[in-house]
Amino acid sequence: MHEAKPIAFLTGATSGIGQACAEAFAAAGWGLVLTGRRQARLDDLRQRLGAAVPIHVAALDVTDRTAIERVVDTLPEPFGNVRLLLNNAGVALGKGPAQDADLDEWHTMIDTNIKGLVTVTRLLLPRLIAHGEGATIINIGSIAGHTPYPGGHVYGASKAFVEQFSYNLRCDVSGSGIRVTDLAPGMTVSEFTEVRMKGDRDFAKRYYAGTRSLQPADVAAQALHIAELPPHVNITRLEVTPLCQQWSAFTILRDE
Ligand code: NDP
Ligand code: 8X3
C-alpha cells in the first residue's frame, strides 16, 4: 500500500508565492488544498499538478468567514488530515503617505492580512492538532513588518501582526506537535506591486527593473525546507531578501 501523502492547505495559491509553493510542494509529493478567489487559476493548477498528487481546489475569499467555515468543514478525504497550513493570501494597497490613504484600502488590508489569516488559522487548528507531530503553520510575513518605510503604514503593520501572532500562537500550541514559522520575504517579483498600484503594470515593471529580486520559487523553496525539517525543529522566523535589497540610513530632518 502507498503511504498517504502529507496534505498542505494553501491560501492565495492563484499567483506569485502561493502558486510557486503549490508547484514546489506538489513536486515534493505533497497533496494540496489550493484556495484563492480566482477559480479559473485554481482549475489550471489542478490540471497541471493533479496528475502527480491529489489536489482539491476551493474558491475562497479569506475575508468571508462563512466561506472559510464551509471549505474547512467540507474537506473531502484525504484532504481533512491537514499537515501544513500556508497562510499566504495577502495584499498591499497604496504606497502614498498615510494622510492621503484611502480608508477602504486600509480596511481591506486588515481584513485580508490580519482577519483572514487569523480566521483560517483558528478554523484549521483542530485539524492541525489532530494531525499532531509534524504539523506546521507557515505564516507569510514580510520584511515590511520589521522595517518601516514611507507608504508602508497599514501593510507593514499588518505584517508586524503576523509576526507577533505567529510567536503567540506557538506558545499556545506548545506540546501539540505544531510548529509555527513567520516566513518573511523581501522584494519578490509577483503580481504584488501591480495590485498595490491599482493595476499599473508599467509602475510594477519599473519597480523591479534592474534588480535581481527574489522569484516566488525562491520563497517557495524556503517554505518547503521549513515544512520538511525533522518534526522537532521549529524555525521561528525566517527572513529572506534578494541581495540587492537592504536597509538605508535614517532620514534626518534639519532646521533651515
Ligand atoms: P500576489 O499578488 O502575486 O498574490 C497574492 C495572492 O493572495 C493571490 O493568490 C490572491 O489570490 C490572494 N489573495 C488576495 N486577497 C485575497 C482574498 N481576499 N482572499 C483570498 N485570497 C486572496 O502577491 P505575492 O505572491 O507576492 O504575495 C503573497 C504573500 O506574500 C502576501 O501575503 C504578501 O504580503 C507577501 N509578501 C510579498 C512580497 C513581495 O515582494 N511580493 C514580499 C513579502 C511578503 P486571488 O486574487 O485569486 O484571491
Ligand atoms: C512586501 C515587501 O519589500 O515590497 O512585503 O516592502 S517590500
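Trainee: What is the accessible surface of the protein, and what share of it belongs to carbon and sulfur atoms?
Mentor: The accessible surface comes to about 13,300 Å², and 53% of it belongs to carbon and sulfur atoms. Such areas come from the Shrake-Rupley method with a 1.4 Å probe, and for residues only the protein chains shown count as cover. Before we go on, some ground rules: this is a predicted model, in which local features need pLDDT of at least 70 and side-chain atom pairs count only at pLDDT 80 or more, while totals for chains, interfaces and linings use all residues. Residues are numbered from 1 along each chain as its sequence is written, chains are lettered from A and ligands numbered from 1 in the order in which they are written, and side-chain values use heavy atoms, with hydrogens and water left out.

Trainee: What makes the protein as compact as a globular protein of its length?
Mentor: Start with the elements: the protein has eight helices and seven strands. Its radius of gyration is 18 Å, close to the 18 Å that the globule rule gives for 256 residues, so the protein is as compact as a globular protein of that length. The radius is taken over C-alpha atoms, and the rule is 2.2 Å times the number of residues to the power 0.38. As for helices and strands, they are DSSP runs numbered from the N terminus (H or I, at least four residues, for helices; E, at least two, for strands). Along the principal axes, the C-alpha atoms fill a box of roughly 75 × 40 × 35 Å.

Trainee: Why is Leu34 called buried?
Mentor: Its relative accessible area is 0%, so Leu34 is buried. The cut-offs are under 20% for buried, over 50% for exposed, and partly exposed in between (1.4 Å probe, protein chains only). Leu34 sits in strand 2, residues 31-36. Leaving out residues up to four places away in sequence, Leu34 touches Leu10, Ala13, Ala22, Leu42, Leu45, Ile55, His56, Val57 and Ala58. Contact here means heavy atoms within 4.5 Å. Across the whole protein, buried residues make up 47% of the 256.

Trainee: Which residues have the most contacts inside the largest nonpolar core?
Mentor: They are Leu10, Phe25, Leu32, Leu34 and Leu183, in a core of 32 residues. Another core, of 27 residues, lies apart from it, with Phe9, Leu60, Leu125 and Ala135 among them. A nonpolar core is a set of buried Ala, Val, Leu, Ile, Met, Phe, Trp, Tyr and Cys residues joined through side-chain atoms within 4.5 Å. Leu32 touches residues including Ala8, Phe25, Leu49, Pro54 and Phe79, with those up to four places away in sequence not counted.

Trainee: Is Ser15 buried or exposed, and how do you know?
Mentor: At 15% relative accessibility, Ser15 falls under the cut-off and therefore counts as buried. Ser15 lies in the loop between strand 1 (7-10) and helix 1 (16-27). Its contacts, beyond four places in sequence, are Arg38, Arg41 and Glu191.

Trainee: What makes Lys198 count as exposed?
Mentor: Its relative accessibility is 69%, over the 50% cut-off, so Lys198 counts as exposed. Lys198 is found in the loop between helix 6 (192-196) and helix 7 (201-208). Although not a glycine, Lys198 has a positive phi of about 55°. Gly210, in the loop between helix 7 and helix 8 (216-227), counts as exposed at 89%.

Trainee: Which peptide bond is cis, and what is its omega?
Mentor: The bond from Glu77 to Pro78 is cis, with omega near 10°. Pro78 lies in the loop between helix 3 (65-73) and strand 4 (82-87).
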